Amino acid sequence: MTELTHPLATVPQDQLVARAEADPHRPRFHFVSPAGWLNDPNGVSQWDGTYHLFYQYNPEGAFHHRILWGHATSTDLVNWTDQPVALEPSDGPDADGCWSGVVVNDAGTPTLVYSGRHGERELPCVAVGSPDLLSWTKAPENPVIPAPPAGVDITAYRDHCVWREGSVWRQLVGSGIRGRGGTAFLYESLDLRNWEYVGPLFIGDASAGNPAAADWQGTMWECVDLFRAGSGALGDQAQREQARRDQAPGGGSPGPDVVVFSAWDNGDTCHPLYWTGRYAGDSYTPWALHRLDYGGRYFYAPQSFADESGRRIMFGWLQEGRSDAAMVEAGWSGVMSMPRIATLDTEGELAFAPVPEVGSLRRDRVRIGPRSLGPREVLAGVSGNQLDLELDVELQPGSVFRLGLLGSGAGSGVANTGGEGTPAGPAEETVIEIGCDVGGGGFSQSYLLLDRTHSSLDPSVDAEEKSGPILLPGGKLRLRVLVDRSALEIFANGKPLTGRVYPTLGGEAVSLSAAGTVRLLQLDAWRMEGIFGGPRPLFP
Ligand code: DQQ
């Protein structure tokens with residue numbers, strides 16, 4: 001049996017997998033680590049047709065400590081094969097962890113750029129891969145940048161975005177300048193080993209807005225990701241290659257250059273945001289700041305890449321909404337999002353949808369509609385905790401549409417707990433709400449909201465409301481919802497809201513309701529197949 005080294009490693013390592021597998025909250029069609037802890041997606045890429053997903057991994061237990069790089073591969077972005085751990089700490093600059101990073105193609109040689117952690121600080125390191133990306137050798141030059149820029153009082157310094165620009169490599173390292181705001185330091189290199197500091201790409205303003213606000217910039221930017229937004233053309237080989245070139249920072253697409261970052265503050269992982277703006281020369285001119293996902297910290301540390309068909313594909317880390325102790329007990333923590341395609345909407349903002357490959361997991365379609373909606377009704381033919389739902393809804397101004405999920409107890413046909421004269425409500429239910437604006441009075445902006453007030457009878461889990469504005473042109477809503485036990489991914493006209501819920505009663509009811517005039521044009525529901533056949537070894 002492996003020796004337990006960390007005070008939180010209370011579950012022996014040889015029992016972790018069984019614990020994790022037994023947890024009813026563990027997703028079945030999202031990627032999760034075999035057991036233990038998972039956080040950021042790393043090195044997301046496609047090589048000779050095969051997709052690679054690396055991830056921050058602690059197989060010692062469900063807590064963040066001495067992080068390794070886990071690795072999985074896929075030919076369809078949906079079914080994953082575990083591969084040997086790609087990186088683990090060793091004496092030297094990554095002795096205390098191999099933190100987040102990226103993979104780049106160095107004239108045919110797969111090369112990782114990651115943050116080596118030693119003591120309390122992180123520095124850029126490099127590792128070179130075999131052609132199949134399965135074994136990795138750390139560069140003798142590590143750390144390849146010996147220290148953060150001199151003379152700058154930084155809040156933190158880690159995570160990497162690396163790209164080829166003409167004859168040079170460029171790199172951003174996420175950071176923050178104390179008393180000012182988050183930033184990304186720009187570097188340049190000819191060989192990925194010797195880096196010259198160029199300067200801050202630009203500096204955010206931590207004093208702008210309220211630190212409690214959903215779009216506060218934070219005092220440090222984690223996992224900075226710079227790319228040129230485009231349509232992600234699918235076409236012949238030449239068009240696909242052009243589409244990939246167009247998405248390089250400063251590329252040929254007319255879209256904005258997007259800087260995605262995860263706002264961090266003194267140990268708090270706040271939320272992912274992005275700037276739209278223009279990258280030119282050595283700097284970036286921001287135009288506007290946007291929220292990337294209305295679930296905030298539940299879609300954190302995203303990383304994206306352009307795949308061989310020119311699609312901009314993004315993964316994010318779905319953090320847990322339960323206590324550290326509950327995670328440790330469960331034997332696992334952290335979910336990888338389903339891969340999302342990022343495109344530009346008509347407002348010049350990012351729009352997201354799960355990759356179409358997700359459809360290969362769909363089973364037993366049920367179709368409902370068209371019909372008008374009113375008081376809450378539990379759907380007879382649709383239920384489950386592994387679902388893909390696709391809805392087309394039409395809302396009149398001032399109306400509200402609600403979709404209830406994972407419902408149990410009263411109103412779900414299981415038991416009635418409503419008192420006399422009280423309309424019975426479900427004992428547990430997670431509610432997605434969409435409101436359509438009324439021109440003048442009422443709510444002035446259409447919105448998407450996740451109401452977790454009644455998601456769980458467990459008072460210790462997070463039940464905070466999550467919401468954000470959406471556009472409903474002509475009152476039309478296209479809603480896509482992926483339910484995978486505790487993991488929820490919602491897309492309302494392209495705006496994502498990711499969340500976690502921990503129902504205690506095992507409810508599977510789906511309900512619809514409306515206030516005002518709401519018409520369901522069509523609802524398609526599928527049961528989703530799981531992607532793993534059973535327990536997986538902690539060290540594949
Ligand atoms: N997690 C990593 C860091 C990154 C943070 C360490 C974001 O590299 O800054 O596991 O979640």
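A cavity, on a 1 Å grid over the protein atoms alone, is a set of points where a 1.4 Å probe fits but cannot get out, and its lining residues have an atom within 4 Å of a point.

**Ground rules.** I am working with a predicted model, where local features need pLDDT of at least 70, side-chain atom pairs count only at pLDDT 80 or more, and totals for chains, interfaces and linings use all residues. Residues are numbered from 1 along each chain as its sequence is written, and side-chain values use heavy atoms, with hydrogens and water left out.

**Entry 1, cavities.** I found five cavities of 30 Å³ or more. S13 (220-228) contributes the most, three residues. Strands here are DSSP runs of E, at least two residues long, numbered from the N terminus.

**Entry 2, the second largest cavity.** I get about 50 Å³ for this one. Its lining includes Phe-29, Phe-31, Trp-80, Phe-315, Met-336, Met-338 and Ile-531. By class I count ten nonpolar residues, two polar and none charged.

Which residues sit around the ligand? With the cut-off for near set at a heavy atom within 4 Å, I listed Asn-39, Asp-40, Gln-56, His-64, Trp-99, Ser-100, Arg-158, Asp-159, Glu-222, Tyr-300, Ala-301 and Trp-317. They split into four nonpolar, four polar and four charged.

I then looked up polar contacts (N or O pairs within 3.5 Å). Polar side-chain atoms lie 2.7 Å from a ligand oxygen for Arg-158 and 2.5 Å from a ligand oxygen for Asp-159. For Glu-222, a side-chain N or O atom is 2.6 Å from an oxygen of the ligand. The protein buries 96% of the 300 Å² that the ligand exposes when taken alone (Shrake-Rupley, 1.4 Å probe). Strands S1 (36-47), S5 (97-106), S9 (154-165) and S17 (300-306) each give two or more residues to this shell.

Conventions:
Polar contact = N/O pair within 3.5 Å; in protein donor to acceptor, adjacent residues only side chain to side chain. Helix = DSSP H or I, 4+ residues; strand = E, 2+ residues; numbered from the N terminus. Nonpolar A, V, L, I, M, F, W, Y, C, P; charged D, E, K, R; others polar. 1 Å grid on protein atoms, 1.4 Å probe; cavity = no way out; pocket = protein on both sides within 12 Å on 5 of 7 lines; lining within 4 Å. Points joined across faces, edges and corners; volume = space filled by probe spheres on them.
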